Amino acid sequence: MTANVYKHAGAKLAVVKVNTVDDDLLQVAVSDDGVGIKINQKRSGIDISNIEYRVTSFAGTKEIESDLGSGCTIKIKIPC
């Protein structure tokens, strides 16, 4: 995922945080300082779709926060 952050977002910095909550929930957050994405816009690539598919297959949830020009954060939560 971080390779795509640099390639597509033009980011100079990406931060990946991984932690667990009470051994019941895995949380992953990837944040960058890139160009951001239009959350509701149809995309030609499959990267976000792949993330959605994989998270759903583990009964997890995904949240995307983004402001154009101010980067993006993708938060994933998967039950353990």
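**Ala59**

I looked up Ala59 and found it in the loop between helix 2 (47–57) and strand 3. Helices (H or I, at least four residues) and strands (E, at least two) are DSSP runs, numbered from the N terminus. The model is a predicted one, where local features need pLDDT of at least 70 and side-chain atom pairs count only at pLDDT 80 or more, while totals for chains, interfaces and linings use all residues. Residues are numbered from 1 along each chain as its sequence is written, and side-chain values use heavy atoms, with hydrogens and water left out.

I noted that Ala59 follows helix 2 and has a positive phi, near 60°. Is Ala59 buried or exposed? Ala59 is exposed, because its relative accessible area is 58% and the cut-offs are under 20% for buried, over 50% for exposed and in between for partly exposed (1.4 Å probe, protein chains only). I also checked Ala59 against Ile78: they are 19 residues apart in sequence, and their C-alpha atoms are 6.5 Å apart in space.

**Helix 2**

I listed Ile48, Ile51 and Val55 as buried in helix 2. These residues lie on the same side of helix 2, because they cover an arc of only 55° around the axis; the arc is that of the directions from the helix axis to the C-beta atoms. On the other side of helix 2 I found Tyr53, Arg54 and Thr56 exposed. What do the buried residues of helix 2 pack against? They pack against strand 3 and strand 4, with contact meaning heavy atoms within 4.5 Å.

**Lys62**

I placed Lys62 in strand 3. Lys62 counts as partly exposed, because its relative accessibility is 30%. Leaving out residues up to four places away in sequence, Lys62 touches Ile51, Glu52, Val55, Ile74 and Lys75. I read 9.7 Å between the C-alpha atoms of Lys62 and Ala29, which are 33 residues apart along the chain.

I traced four strands in an open sheet, in the order 1-2-4-3, with antiparallel pairing. Strand 1 (14–21) and strand 3 (61–66) stand at the edges with a single partner strand each, so one side of each has no neighbour in the sheet. Neighbouring strands are turned by 10° against each other on average, direction ignored; axes are lines fitted to C-alpha atoms, for helices over the stretch in contact, and angles run from 0 to 180 degrees between N-to-C directions.

Two strands pair if DSSP finds at least two bridges between them. Strand 1 and strand 2 (residues 25–32) pair over eight bridges, and I found Val15 opposite Ser31 in strand 2. Strand 2 and strand 4 also pair over eight bridges, with Ser31 opposite Thr73 in strand 4. Strand 3 and strand 4 pair over six bridges; the bridge partner of Thr61 in strand 4 is Lys77. I noted a hairpin of strand 3 and strand 4 with five residues between them, where Gly69 in the turn has a positive phi of about 85°.

**Cysteines**

I found zero disulfides, a disulfide being a pair of cysteine sulfur atoms within 2.5 Å. Cys72 is buried, with a relative accessible area of 8%, whereas Cys80 is exposed at 64%.

**Confidence**

I checked pLDDT, the predictor's confidence in each residue, from 0 to 100. The chain averages 86, and 90% of the residues score at least 70.
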